[in-house]
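Open your viewer and get your selection tool ready.

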Amino acid sequence: MSSAQPQAKSLHSSPAAAFRRKVLELRSQGRTIIDMTAGDLDFPTPPHVVEAAVAAARAGETRYTNVDGTPELKDAVREHFRRQNGLEFERSEIIVSNGSSQAIATAFAVTLKPGDEVIVPSPCWATYHGQASLAGGVAVPVPCAQNNGFKLRPEDLARAITPRTRWIIVNNPVNPTGAVYTHAELGGLCEVVRQHPGVRVLADNLYEHFVFDGARAVTPLEAAPDLRGRMVTVSGVAKSYSMTGWRIGYAAAPADLVAEMTKVQYLVTSCTSSISQAAATAALAGPQAVLTERLAILQSKRDLAVSLVNGCEGLSAAPPEGTFYLCISCAGVIGKRTPQGRVLNTGEDVSDHLLGTVGIALLPGEGYGLPHYVRMTFAVPTEHIHAAGRLIGEACAALT
Ligand code: PMP
């Protein structure tokens, strides 16, 4: 008999992490695999950020910090919100966490009672479900219409709200679809939230700097400043500055909620790494040109990936407005047979086939609520995108 509690058993692990293990196993057998599954970019952490971390370590900044973050990093986060969203926060309204993941899990931990519901527009980052479960809540996936760019509509939201609803998650831009909500669309969703005083908004802006074609990601608080007391706005340095391994995220929230979250964070981790906080301060307070330079590179990689994928028989992909993921519809290959005689019925089958035959790793869409899709990360070296286009094309052409 397992010693795990029933609740722990209901938590699911990351689909990306499980897939990464598969890739590593194949590589250990000597196979060459082009991995396009990661939620990571192939850019290095900017050198001045690394230097700031080294300098902090040398200067003896190697001790516990305030549980909710150093004053320097909190001020850099406040400056970020001012620059990015035109929003002002006090230090008491900011908490620095071990990645934005921890900020989200902690916000749920201090607000959810058993059975409380969290509305998760689907497709979405699968981890929200586990974060809600961990806090005793229930994630309620709300399907978003494909013909609305997989974005939640106010009427979908209104229908999903029950007396148990405590949160709605608004991820903008959306992982995995790359959809970007406009100011007006967020205003429409907030209008529904306004009618339900017991419902809070968790805005996840982690991909806010990856918005193409000159657009900008708006956060719900810009669209509905009157809901400030019910909004938690989360982001982090992981994706924006290629710092996934440094584990720094943050949230802006009402001061009383930050105080409660700080108590939980103290119990779980004491504080975040002092060295990483110095690095994140340099990232947020230092020169920002790196963001626009890298965005331009990513936009050309996006366009390349889209054109190559659309050249593969049976696959199609629309250019995402944001993120660095391409959601590829496999509709035209579903039902087809591989040279080995296997019929492809799901995105998972397509992903398995591409990995097994041509060594291209793409994440099945099923884990993100996107059946018959696979997700491709295009923040990889350009030659990998070219090779993937060629190899996927060959694998598709061999189907009958
Ligand atoms: N939100 C979204 C939408 C994500 O995709 C991820 C990670 N892939 C996170 C939050 C968590 O990121 P981190 O904890 O590294 O800040």
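Start by selecting serine 101: a polar side-chain atom there lies 2.5 Å from an oxygen atom of the ligand. That is a polar contact, meaning a pair of N or O atoms within 3.5 Å. This is a predicted model, where local features need pLDDT of at least 70 and side-chain atom pairs count only at pLDDT 80 or more, while totals for chains, interfaces and linings use all residues. Residues are numbered from 1 along each chain as its sequence is written, and side-chain values use heavy atoms, leaving out hydrogens and water.

Next, pick tyrosine 207, where an N or O atom of the side chain is 2.8 Å from a ligand oxygen. How much of the ligand does the protein bury? Of the 400 Å² that the ligand exposes when taken alone, 92% is buried by the protein (Shrake-Rupley method, 1.4 Å probe).

Last stop: phenylalanine 210, in the loop between strand 6 (200-204) and helix 9 (220-223); strands are DSSP runs of E, at least two residues. Phenylalanine 210 is buried, at 4% relative accessible area (buried means under 20%, with a 1.4 Å probe and protein chains only). Draw a distance from its C-alpha atom to that of glycine 249, 39 residues apart along the chain, and you get 17 Å.

Technical notes: A polar contact is a pair of N or O atoms within 3.5 Å; within protein, one must be able to donate a hydrogen and the other to accept it, and residues adjacent in sequence count only if both atoms are side-chain atoms. Helices (H or I, at least four residues) and strands (E, at least two) are DSSP runs, numbered from the N terminus. Buried means under 20% relative accessible area, exposed over 50%, partly exposed in between (1.4 Å probe, protein chains only).
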